[in-house]
2 protein chains.
Amino acid sequence: MPLIQLALDFIDSTIAIDILTQVEPLIDMVEAGTSMIKREGIGVLESLRRIVPHKQLVADLKTMDDGAYDAELAFDAGADILTVLGCAHDSTILAAIAVANARGGQVMADLIGVPYKRRRAQQLARMGIHYIGVHTGSDEQAAGMTPLSDLALVRSAVSTPLAVAGGIKPTDIEAIVLLSPAVIIVGSYITRAADPRSAATDLRTAINAAMQGV
Amino acid sequence: MPLIQLALDFIDSTIAIDILTQVEPLIDMVEAGTSMIKREGIGVLESLRRIVPHKQLVADLKTMDDGAYDAELAFDAGADILTVLGCAHDSTILAAIAVANARGGQVMADLIGVPYKRRRAQQLARMGIHYIGVHTGSDEQAAGMTPLSDLALVRSAVSTPLAVAGGIKPTDIEAIVLLSPAVIIVGSYITRAADPRSAATDLRTAINAAMQGV
């Protein structure tokens with residue numbers, strides 16, 4: 001059963017906490033989005049942690065350099081997982097993985113912007129990455145892209161647990177679930193909904209329905 | 001004459017402000033480093049601005065997605081320049097440039113992690129980027145890399161103003177100045193010095209000496 005990761009992005013932490021409080025029983029993992037961390041600092045994780053003491057918390061740091069520093073920063077703030085960019089230098093990714101392994105945390109590599117995703121996914125798997133994220137960015141979505149074909153490509157390349165992100169809504173779920181991602185990351189479909197709890201329920205219902213067909 | 005950009009990174013803003021107060025007359029531009037922004041949030045720019053009301057302030061956001069959002073975030077906080085990653089999607093970089101042009105700011109694209117730097121620099125120049133940053137990351141430096149050969153490669157490819165960063169110290173200046181960068185970015189040589197003011201003086205002296213040979 002894929003886990004639902006709620007991405008809290010493009011909103012301030014007060015609104016994020018309000019939404020999280022509403023939908024918390026319906027989601028499995030919580031992501032402090034890059035934009036929220038850049039705006040307010042890593043301390044936002046502590047505010048989120050108070051709402052979800054027992055769920056996995058992801059710091060979407062999109063680390064491009066200073067892998068050890070960023071991993072310490074994330075875990076010190078209470079994260080279970082941090083993201084690094086797949087296009088970062090191997091030494092950055094390996095440094096983040098080493099800190100994660102020492103501290104009982106995990107690293108998710110985000111393939112956004114990586115030109116040869118299949119080859120890079122295989123390299124990341126060999127490095128010992130914990131998750132590979134297939135992610136169509138907001139600006140890429142505006143340019144008409146979706147994560148589905150990349151998810152199929154990466155799925156065929158590695159057995160590493162995959163996460164998938166990029167404008168995902170309930171109507172996308174059936175095709176996504178067939179490719180067995182470990183984590184489905186959803187942001188604006190829930191956070192920008194008039195009724196976030198209803199949106200999260202629709203998403204979970206779609207996943208349950210799709211899993212019956214697998 | 002190349003400008004000196006002081007990169008304030010891996011230190012908290014209290015220490016950064018102390019160092020900046022000491023060396024402010026000796027440097028031209030001030031960068032709020034990625035790690036400081038992730039740790040404390042974009043508000044650190046306002047603290048730096050109070051020390052340097054009339055110098056250019058750079059928000060090293062290393063934007064990989066959400067180009068318009070990050071550019072608004074940086075300029076709202078008082079930045080003159082934000083950084084985007086050269087490996088970001090064109091739509092992200094173009095969105096940041098559009099916001100910068102509308103608001104009288106500028107965008108510096110950081111080539112860290114870009115595999116074909118010459119070709120990407122030419123593409124960035126055509127997009128209307130304001131600066132191209134040739135940057136050897138901390139983790140790359142630990143793996144033995146330096147920015148010099150990349151600077152020569154990119155210099156031969158574009159006429160866009162260049163910035164150069166990556167463990168630069170006074171003994172590197174002569175070779176760098178021959179490649180005419182607009183901006184020389186220096187961080188730890190000053191920020192980790194026992195006497196930051198003396199380190200900044202040594203750097204400026206090296207630049208003055210090297211310029212007499214050009």
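Trainee: What should I know about the numbering and the model first?
Mentor: Residues are numbered from 1 along each chain as its sequence is written, chains are lettered from A and ligands numbered from 1 in the order in which they are written. The model is predicted, so local features need pLDDT of at least 70, side-chain atom pairs count only at pLDDT 80 or more, and totals for chains, interfaces and linings use all residues, while side-chain values use heavy atoms, with hydrogens and water left out.

Trainee: Why are α5(A) and α6(A) called oblique to each other?
Mentor: Helices here are DSSP runs of H or I with at least four residues, strands are runs of E with at least two, and both are numbered from the N terminus. Helix α5 (residues 90-103) of chain A packs with helix α6 (residues 117-127) of chain A at an angle of about 40°, and their axes are 10 Å apart. The axes are lines fitted to C-alpha atoms, for helices over the stretch in contact, and angles run from 0 to 180 degrees between N-to-C directions. Angles under 35 degrees count as roughly parallel, over 145 as roughly antiparallel, 65 to 115 as roughly perpendicular and the rest as oblique. The angle of about 40° therefore makes α5(A) and α6(A) oblique.

Trainee: Which residues make that contact, and how do they divide?
Mentor: From α5(A) they are Asp90(A), Ile93(A), Leu94(A) and Ile97(A), and from α6(A) they are Arg120(A), Leu124(A) and Met127(A). Contact means heavy atoms within 4.5 Å. These residues divide into five nonpolar, no polar and two charged.

Trainee: What makes Phe10(A) partly exposed?
Mentor: Buried means under 20% relative accessible area, exposed means over 50%, and partly exposed is in between, with a 1.4 Å probe and protein chains only. Phe10(A) has 27% relative accessibility, so Phe10(A) counts as partly exposed. Phe10(A) is in the loop between β1 (3-8) and α1 (13-23) of chain A. Although Phe10(A) is not a glycine, its phi is positive, at about 60°.

Trainee: Is Lys62(B) buried or exposed, and how do you know?
Mentor: Lys62(B) has a relative accessible area of 11%, so Lys62(B) is buried. Lys62(B) belongs to strand β3 (residues 56-63) of chain B. Lys62(B) also has a positive phi, of about 45°, without being a glycine.

Trainee: Why does Thr63(A) count as buried, and what is in contact with Thr63(A)?
Mentor: The relative accessibility of Thr63(A) is 0%, so Thr63(A) counts as buried. Thr63(A) is in strand β3 (residues 56-63) of chain A. With neighbours within four places in sequence left aside, its contacts include Asp70(A), Leu82(A), Ala88(A), Thr92(A) and, from chain B, Lys38(B).

Trainee: What makes Gly166(A) buried?
Mentor: Gly166(A) has a relative accessible area of 12%, so Gly166(A) is buried. The loop between β7 (162-165) and α9 (173-177) of chain A holds Gly166(A). Residues up to four places away in sequence are not counted, and Gly166(A) touches His135(A), Thr136(A), Gln141(A) and Pro147(A).

Trainee: How do you know that β1(A) and β8(A) pair?
Mentor: Two strands pair if DSSP finds at least two bridges between them. β1(A) and strand β8 (residues 183-186) of chain A have four bridges, in the parallel sense. Leu3(A) stands opposite Val183(A) in β8(A). The eight strands of chain A form a closed barrel in the order β1-β2-β3-β4-β5-β6-β7-β8, with parallel pairing. Neighbouring strands of this sheet are turned by 25° against each other on average, direction ignored.

Trainee: What joins β7(B) to the strands β6(B) and β8(B)?
Mentor: Strand β6 (residues 131-135) of chain B runs parallel to β7(B) and is joined to β7(B) by four bridges. Leu162(B) in β7(B) is the bridge partner of Ile132(B). Strand β8 (residues 183-186) of chain B pairs with β7(B) over three bridges, again in the parallel sense. Ala165(B) stands opposite Ile185(B) in β8(B).

Trainee: Which way do the residues of β7(B) point?
Mentor: From strand β7 (residues 162-165) of chain B, Leu162(B) and Val164(B) point one way and Ala163(B) and Ala165(B) the other way, and all are buried.

Definitions and conventions:
Nonpolar A, V, L, I, M, F, W, Y, C, P; charged D, E, K, R; others polar.
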